[in-house]
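Biologist: Before I plan around this chain, could we go through some of its backbone features and the labels you attach to them?

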Amino acid sequence: MAWTRFDDLDLVGKRVLTRVDINVPVEDGHVTDATRIERIVPTVKAILERGGRPILLAHFGRPKGKVVDDMSLRQLVPALEEAFGARVRFAADCIGAEAESAAGSLAEGEVLLLENTRFHAEEEANDPAFAAEMAKLGDVYVNDAFSAAHRAHASTEGVAQHLTSAAGLLMAQELEALESALEAPERPVIAVVGGAKVSTKLELLGHLIGKVDRLVIGGGMANTFLAAQGHEIGKSLAEHEMTDTACEILNQADAGGREIILPSDVVIAREFKAHAAHETVGAQECPEDAMILDAGPATVEQIKDAIDASKTLIWNGPLGAFEIEPFDAATNAAARHAAERTAAGQLVSVAGGGDTVSALNKAGAAERFSYISTAGGAFLEWMEGKTLPGVAALET
């Protein structure tokens, strides 16, 4: 895919309408995790350095088209000023007279933050007239919110129809990382897909089967596949109604010459709690009164060997109940091994979606992966092969 790049725009003296994702956690008016703010800093600073005047469009929470005071973006101004090292002005709406006045009087070196786009029902409806009103505030449009690009909203897709548009630095970084992992990867390619339910990852599995050379299936999903193979899984989390689908995926992989790696041994317990009494058994030997909570050490070694034999890794989801010890062992060991291979220049590793970021951070592996996406739903939809409206709007 070819998209207009940020560097292609002339920004001198221009009002740069910039879609960002600053939907960050806030407690008592204070940002508790500024990761998403930190990731847009390069784009905002680059706009300022090139003589542009950034006007930020963003959503916050789910106000459902109504003004909700505790979902106002005003509370983020101090955190944004600290991150940008610049004055951040605020307009109490994203369209209308106040927004137009603030945009028109924005001085060089200043940033303007517009109020929550989702205070208007027209935002999520991608109303053309609403998009046109927002577009009036800028001279060019930059989308730096890949995490919102799977939504055809006015601020992510509609505005791009009215202004010269380009991908911001973060958006471009995300697109390049994903394309390097799936569109033109260095082979062999391995994907690690974990999580609770096959049903939520069905499209992802179906798409990856045709793209990767090896596919590791972990977490509760693996239990469904083990059940499909006729193994006893006791009280383990599984979707027994999906066993026929699991068999179809296994057959599809076999027909395409793809290797699927399922647990050969598992860690079981009778209680789902930290440090519960546990043991390791063969994947087909889970007692009726026990539950599978992690992949076993033999499986971890198999996964490590598969990673060693690969050049590109895509990771989505944990291999076990990573939130509680000791059932985080498989995820931690495999993630750290992938991180070491990446740091040694032997692997390109891209991860994201769901609990993945938390799991890799907990393992102490995230910083050494090639790229970690915080995009959630957009990351998954891209991996499923879907067209993202916010990205398609930037195509040249």
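Modeller: In this predicted model, lysine 64 sits in the loop between strand 4 (53-57) and helix 2 (77-84), and lysine 64 has a positive phi of about 60° although it is not a glycine.

Biologist: Why is lysine 64 called exposed?

Modeller: The relative accessibility of lysine 64 is 69%, and the label exposed is given over 50%, so lysine 64 counts as exposed.

Biologist: Which loop holds asparagine 126, and what is its phi?

Modeller: Asparagine 126 is placed in the loop between helix 4 (121-124) and helix 5 (128-135), and although asparagine 126 is not a glycine, its phi is positive, at about 55°.

Biologist: Does asparagine 126 count as buried or exposed, and why?

Modeller: Asparagine 126 has a relative accessibility of 18%, and buried means under 20%, so asparagine 126 counts as buried.

Biologist: What makes the peptide bond from arginine 187 to proline 188 stand on your list?

Modeller: That bond, from arginine 187 to proline 188, is cis, with omega near 5°, and proline 188 belongs to the loop that runs between helix 7 (169-183) and strand 9 (189-193).

Biologist: What kind of peptide bond joins glutamate 325 and proline 326, and where does proline 326 lie?

Modeller: Glutamate 325 and proline 326 are joined by a cis peptide bond, for which omega is about 5°, while proline 326 is found in the loop between strand 15 (312-316) and helix 12 (329-343).

Terms used
Residues are numbered from 1 along each chain as its sequence is written. This is a predicted model: local features need pLDDT of at least 70, side-chain atom pairs count only at pLDDT 80 or more; totals for chains, interfaces and linings use all residues. Side-chain values use heavy atoms; hydrogens and water are left out. Helices (H or I, at least four residues) and strands (E, at least two) are DSSP runs, numbered from the N terminus. Buried means under 20% relative accessible area, exposed over 50%, partly exposed in between (1.4 Å probe, protein chains only).
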